[in-house]
Amino acid sequence: MCGIVGAINGGTVINDLLSGLHRVEYRGYDSAGVAILHNQEIARRRAEGKLNQLEELLFKAPLDGAAGIGHTRWATHGMPCVANAHPHATAQVAVVHNGIIENFKDIREQLTADGHVFESETDTEVIPHLITHYLAKGMSPEAAVQEAIEKLRGAYALGVLMRDDPDHLYAARKGSPLVLGKAEHGAYLASDSIALSEKASELIFLQEGDMAVLGRDQIEITDICHRKVKRKVATRTTTNAACDKNGYAHYMLKEIHEQPDAVEKTVQANANALYDSALDFSDLSRLTIVACGTSFYAASVAKYWFEKYADLPVETDIASEFRYRSPYMPQNGAALFISQSGETADTLAALRYAKDQEQKIISLVNVADSSIAREADYVFHTMAGTEIGVASTKAFTTQLTLLALIALQAGQQRGVLSHDKAMKLTQELDELPQAMKRLLTCDSDTRHVAQELERASNALFIGRNTSFPIAMEGALKLKEISYIHAEGFGAGELKHGPIALVEQDTPVISLLPKDSLYEKTLSNIYEVEARGAQIITVGPEPIDGFLHIDVDDIGEFCNPILYALPMQLLAYHTAVVRGTNVDQPRNLAKSVTVE
Ligand code: F6R
């Protein structure tokens, strides 16, 4: 979602702000802006659209100054337009904000009655006005920021610039992540450490309720109770390699190709960690798995695994539904939350609900120091590395890998899987990186099918058992980046309604591993073929008359992880032939920190 950067140094910050904003572009945005202290005034440049629009503006009307803040906005309150773009400002105070201020209407009414005039439809604009209001009462800048944030309900990560305090920036977080950076001559703030990867050598991740004052040479932090605190200083680990396409045309393609390595690292990092953890499934009454989007499809595959290999009752749900339906949670149950970013607002809220219901909380995250990691009793990390493409690829297959490991552990703890059987299944996991490599070296089939899909307006994906969630993930990938309408179905469900969508040449992408349900799926395929569908089979055996994407099965257990790759490649190549923006698809954000 939105990206925040801020910098204060002895020279000029504009280049630091722009390079930081470029690094958070991947989060998704539709307008951008900066505010800089320029000739003792707050000067802003804001533009609708991508950063090049803002850069053009800055080329025509340059800004120079030693303290500034910047923002890429993903619209929530009000259209993507210049008036709604951040930073929002009064003459004295400029603010960039991630999150949502739930009581902004009340605050706005009160401030309007006091004579404040608002220019935007955003919730954010109340913040600079509120701070200005407290400054006018004679408060110090720090006290005014403190007083203002205490009035805010909702979630925020804030960067604040003050006209009359040129030596400091202010930062605060509640519910949205914010990281500070220190360099030899300057201090930085950002919503995402990747924004600081060129600049800061040391990083400080603010905790919930923290507020910070950043000077050129020092950073002071106070906690939620206004006590001065020292937070852990981490050395920067995000390398520039994560931000480099490494010769690939798009981040998404690079990340698809990183999967063999990411899967291998995930197994290596977690096999022992899992064994050593005190996580015990033996007497568990039920496992609830909650996530959003692609992470939810990982949960849906895992449900099959936990039921089959561990005899464990599993309930899965999307977080936005789960959190509001007052779900019954049994005694001695555990709840597992899956999130690449670790900051998805709905998943975090669902976690807090399950905690209140006294469930054991397990989280699977890719971003180690994230809220969903911090609030869990047991945390396991996918080793996907930074994922820049908005459409999730390596995060998904590493989530599946980790879930597979956990399911095997649960199966053994519950006495369902014998040691020999567990070893056999583990071998499939060990062979997975090589099988992925083989598949990735030859993507001519997916390229060919992508040409066929180029002009499609609808596509169906079908599969049974663990191929069903992979079919849904395939459909999600295709619609996200190629904008072709696509839906995934259990193959046996087609004739209960969706088959009505099949017209002459409707593409039906059919996941057809040679597993115990092969014949059943094949019958469903013939049913849609008979109605004019263009069948594309994905599996080890081509069938005469059908387009085919070849996949060498690895085994019933790990097949879903392997079959995710042709789904990703098909979406990728289709998007490329249709000329869409692969890495930053329209309207989408990488980390969804609003509900
Ligand atoms: C799709 C995609 C999204 C995310 C979803 C959850 O390609 O990336 O559907 O999977 O927004 O995000 P996380 O995993 O960060 O909680």
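Predicted model: local features only at pLDDT ≥ 70, side-chain atom pairs only at ≥ 80, totals over all residues.
How many residues lie between strand 2 and strand 3 in their hairpin?

Residues are numbered from 1 along each chain as its sequence is written, and side-chain values use heavy atoms, with hydrogens and water left out.

Back to the hairpin. There are two residues between strand 2 and strand 3, and Asn39 in the turn has a positive phi of about 50 degrees. Strands here are DSSP runs of E with at least two residues, helices are runs of H or I with at least four, and both are numbered from the N terminus. Two strands pair if DSSP finds at least two bridges between them. Strand 2 (residues 31–38) and strand 3 (residues 41–48) are antiparallel, with eight bridges. If you want one to look for, Ala35 is bridged to Arg44 in strand 3.

Seven strands make an open, antiparallel sheet in the order 5-6-7-8-12-13-14. At its edges are strand 5 (88–89) and strand 14 (228–229), each pairing on one side only. Inside that order, strand 12 (residues 211–214) and strand 13 (residues 219–222) share four antiparallel bridges, and Ala212 has Ile221 of strand 13 as its bridge partner.

Two loops deserve a quick stop. Most residues other than glycine have a negative phi, and most peptide bonds are trans. In the loop between strand 13 and strand 14 you will find His226, which is not a glycine and yet has a positive phi of about 70 degrees. The loop between strand 4 (67–73) and strand 5 holds Pro87, and the peptide bond from His86 to Pro87 is cis, with omega about -5 degrees.

Now, where does the ligand sit? It is in the second largest pocket. A pocket, on a 1 Å grid over the protein atoms alone, is an open set of points with protein on both sides within 12 Å along at least five of seven lines, and a molecule sits in one if more than half of its atoms lie within 2 Å of its grid points. The elements giving two or more residues to the shell are helix 8 (293–310) and helix 15 (467–482), and helix 8 gives the most, with three.

Of the 13 residues around the ligand (a heavy atom within 4 Å), those coming nearest are Ser295, Ser339, Gln340, Ser341 and Thr344. An oxygen atom of the ligand is 2.7 Å from a backbone N or O atom of Gln340, and a side-chain N or O atom of Ser341 is also 2.7 Å from a ligand oxygen. For Ser392, a backbone N or O atom lies 2.9 Å from an oxygen atom of the ligand.

Conventions:
Polar contact = N/O pair within 3.5 Å; in protein donor to acceptor, adjacent residues only side chain to side chain. 1 Å grid on protein atoms, 1.4 Å probe; cavity = no way out; pocket = protein on both sides within 12 Å on 5 of 7 lines; lining within 4 Å.
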